[in-house]
Each structure stands twice: as C-alpha cells, then as structure tokens.
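Take a look at the structure below. Find the ligand, then look for the aromatic rings.

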Amino acid sequence: MTRLRAPRFGEAGPGAPRFGEPGPGAPRFGEAGPGAPRFGEPGAVAVREPRGFDAGRIRADFPILGRQVRGRPLVYLDNAATTQKPQAVIDALAAYYSEINANVHRGVHELSERATDAYEAAREKVRRFVGAGSAREIVFTRNATESINLVAHAFGDPAIGEGDEVVISAMEHHSNIVPWQLLASRRGARIRVAPIDDRGELVLDALEALLNPRTKLVAVSHMSNALGTINPVHDIVKLAHARGIRVLLDGSQAAYHMPVDVQDIGCDFYAATGHKLYGPMGIGFLYVKESAYAEMEPFLGGGDMISSVTFEQSTWNEPPHKFEAGTPDVGGAIGLGAALDYITAVGLEEIARHEHDLLDYGTRALESIDGVRLIGTARRKASILSFVMEGVHPHDIGTIVDRQGVAIRTGHHCAQPVMQRFGVPATARASLAMYNTTADIDALVDALGRVRELFG
Ligand SMILES: Cc1ncc(COP(=O)(O)O)c(C=O)c1O
C-alpha cells in the first residue's frame, strides 16, 4: 500500500488556486481529460484525475474505500458530514492505545510523560495547521459544537449582557445558532441575523449595517455546510474589528478544504472538528487569540483546569489548560495530529484544486439533468453539491442512490434556516473530499438516472 511521506511544512508550491475560481485546465463535464472515466461508463476508476491529481494513490490509503455496500463498490459522497480515515490515522490510534496509553499532565512515570509529550505535540501540529502564533492559543475540545459553546460561555457570559447583540448569518449550522440563543436567554442579549442572497452569498453590506455599539460578537461560518459558500472572512473581520467587535469563525467545513491562517484572517476564535479533518470522532479544537483570553472565564470546572483548590476557592491553570477540564481525548488528539500530517503531506492547495475541479465537473453534471436545481451557487464555493429534483422528495433520492452504492446526505443538514430561506423542506447533498473522483460523480449521475426512471 502506498504511504505518503512525512509532510514538510510550508512546502506549498506556486500556482495555488484562488478558492471558488477554478483555473484553466479544470475538467468540464463530458470533457474529461485523458485517463479520466467518460460519463456513462459506470465502474470506471479514475486513477489520475484530469489535472494529474493522483486520486488512486490517495484512495489506497483509505481502507474503507475498498469495501462494497449494497453489493457495489462504495461511492462515498457524504464528506461534509464526516470524512473517511486514512490508515495513518487508524495506525496512530492503535499505536497510542497499544504502546503509550496513560493519563496526561499528572504522572511522573514514563508512559504518562510520553502521553503528555504526544498530546502536546498534537497541539503544536494544530497550531501549525491553522497558523496560530503559539500553542497556548489552541484548546482541545470534543468537536466544533463544543468549541462554539465554550466561547458562548467562557467569553459570552462575562462579556455579553442585557441588550447586547451577537451577529450571525442566515447560513449558519445549528451549532452556531443554538449556543447564541442559549446565551441570549441567559444574559438577556439579542441575536441579529445577516441575510444571504439567492445564490447563497452573505450580503456583506447588510451584515455591516447590523454592527452597532451593542454588538459584542460576530459569529459566522467560514464555509457553509449546506450551500458550500465560502464567506469573505477577511472583510468580515475588518468590519468588526474597526468597531472593536470580536469575531468567531466556524471553520468546521473550511478547515479540510483550504489552507487556513488565523493570523492572516485576524479572527479572535476559530472552531473546527477533527472528524471532518480525516481525524477521529470526539476531538476538535478552538483557536483563541491570546488577547481574548483576558476576557474569558472558565467553561467547565474540574481536573487539569485548576491551579489550586480549597473548599473556599480555587484558582485557575494557565490557558489552554484552563479550558480543558477533565481527562482529555489523548488518543483522539494524537489521531488528529496524524490526520493533519496526512493532509499537509498531500497539500491543501492540491486538495483544493482537485476538489474545485470535481465541483465544477459535478455542477455541470447535475445541471444537465432535467428537473435538478442546485441550492447554493455562490461564486466562491467549495465541495458541496446541494440540490433538489422536481417531483422527488430528497429522502427518496437518498434511499434510491444508496441502493446503487452511492452515499449522499438528505435532509436539512442541521441548517433549517437555510432550507426556509430557499423554500425547500430539505435537499440532497453530495459533498466532496480529496479521495473523490470524476467516476464518483458519474456514479451519482447514473444513480440519479435510476431515480428518474422510478419517478417518471
Ligand atoms: C458548518 C458546521 N458547523 C458546525 C458543525 C458541527 O460539527 P460537530 O458536530 O463535529 O461539532 C458542522 C458539522 O456538520 C458544520 O458543518
């Protein structure tokens, strides 16, 4: 089995694509380059995709992609929900539990020291991956949802009071809506929602118009899971910071599709989740800009987040440990570190270029099917093909294509306000990752042909 060499950080080459702007050489639907499968040739496996991306080599690293479902080779297009894991991540988890397992930060024995070192090394990998200035700024959490809730409590409770406002957008995942609703009801604060247009793009002027002296936080997604829209995060941060407002970005989707540099973006908080980053479930992280720590109180109380405890009072450990109460998911953090090594070795610019080529190919493929309407056509978008099909409920689409071995997601994608905005109860969503190929999209198109046959 092919294994990728260890990453060399900062190796990204020239010619990186601008996200959402597929450059020359991208395959056009029905015009795939040499070696790529031709539409209508089911079972074709693209080893080398049109721009030379070696998807075959990548796929060999993901054992699950070799399995069959419903008696057919698995076509996995539900990556926005969770990505599959490369062997390197599975091996890292197994190695941790078979060779190191011990609790961290507490023991003087060898295994505890090794576990602590490996856990802190994983934190350093996350720091490098998102371009944070120091590992102190990386807090491990269970997932992006916990990261956002951490900000809502640790920053929100002390900083946001009666009549204050939190600005979110109309494309948010429930995980970036509900924590603010809970905060609003605890603190008597108010949520303001910046609208999106018919393409699914954020209306930046409208967001700006919402900012006022009562605004204490802007919390928006870097990339929408329901639409694929990539938000103009640099502009959002500039608008907010010009008024002294802190910014949280939900990077759950963006972090595995494009390089992220939190210092360049300038945001105050960046939340992400390991299982979408090809890492294990149950581990996530939150970037906190050093200056924001001064405004934050502890989130959960218990072991590791304390400096001293008496019955009268306790004092707190230094960040990031101040925000990591209880035994952390040490194996998960190490597995996430292995996943970030893997992504870095492939190269996020390469991944982004490949996925944009596929998105372009998939967009043309779906647009060519009678009765299919894409939901989310932002000019800057990544990896999401959300669609409805005239006369067919999305759940029926999902069930029928599953019988053809094609895994997509149907429903509201934890973004019910987005469904309301577009006047649909649900969509079918195919979402792409680095190991997908034009053959996967062809398989989806074939399966949708079957849906058409059944529904007339
Ligand atoms: C944009 C966005 N935000 C937040 C989340 C929540 O991630 P998790 O369930 O891992 O906390 C998701 C997951 O689908 C997402 O796509």
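The paragraphs below go from the ligand to the rings. Keep in mind that this is a predicted model.

Start at the ligand. The residues around it are N143, A144, T145, H173, S175, N225, D250, S252, Q253, T273, H275 and K276. Sorted by class, this shell holds one nonpolar, nine polar and two charged residues.

Now look at single contacts. A polar side-chain atom of K276 lies 2.6 Å from an oxygen atom of the ligand. A backbone N or O atom of A144 is 3.3 Å from an oxygen atom of the ligand. S252 uses its side chain: an N or O atom there lies 3.2 Å from a nitrogen atom of the ligand. How much of the ligand's accessible area does the protein cover? On its own the ligand has 390 Å², and the protein covers 87% of that.

Next, the rings. The count comes to nine aromatic pairs. One of them joins Y96 and Y97. Their ring centres are 4.8 Å apart and their planes stand at 70°, which is over 60°, so the pair is edge-to-face. Y96 has 4% relative accessibility, so Y96 counts as buried.

Y256 and Y278 also pair edge-to-face, with 6.3 Å from centre to centre and 85° between the planes. This pair links distant parts of the chain, 22 residues apart. Y256 sits in the loop between strand 8 and helix 8, and Y278 in the loop between strand 9 and strand 10. Y256 is buried, at 0% relative accessible area. Y278 is buried too, at 0%. Ring pairs link F62, Y256, Y278, Y342 and Y435 into a cluster.

Finish at F422. The charged end of R421 sits over the ring of F422, 5.4 Å from the ring's centre.

Key
Residues numbered from 1 in each chain as written. Predicted model: local features only at pLDDT ≥ 70, side-chain atom pairs only at ≥ 80, totals over all residues. Heavy atoms only, no water. Near = heavy atom within 4 Å. Polar contact = N/O pair within 3.5 Å; in protein donor to acceptor, adjacent residues only side chain to side chain. Areas by Shrake-Rupley, 256 points an atom, 1.4 Å probe, with all protein chains shown as cover. Nonpolar A, V, L, I, M, F, W, Y, C, P; charged D, E, K, R; others polar. Phe/Tyr/Trp six-rings, centres within 6.5 Å; stacked < 30°, edge-to-face > 60°. Buried < 20%, exposed > 50% of the residue type's maximum accessible area, 1.4 Å probe, protein only. Helix = DSSP H or I, 4+ residues; strand = E, 2+ residues; numbered from the N terminus. Lys NZ or Arg CZ within 6 Å of the ring centre and 35° of its normal.
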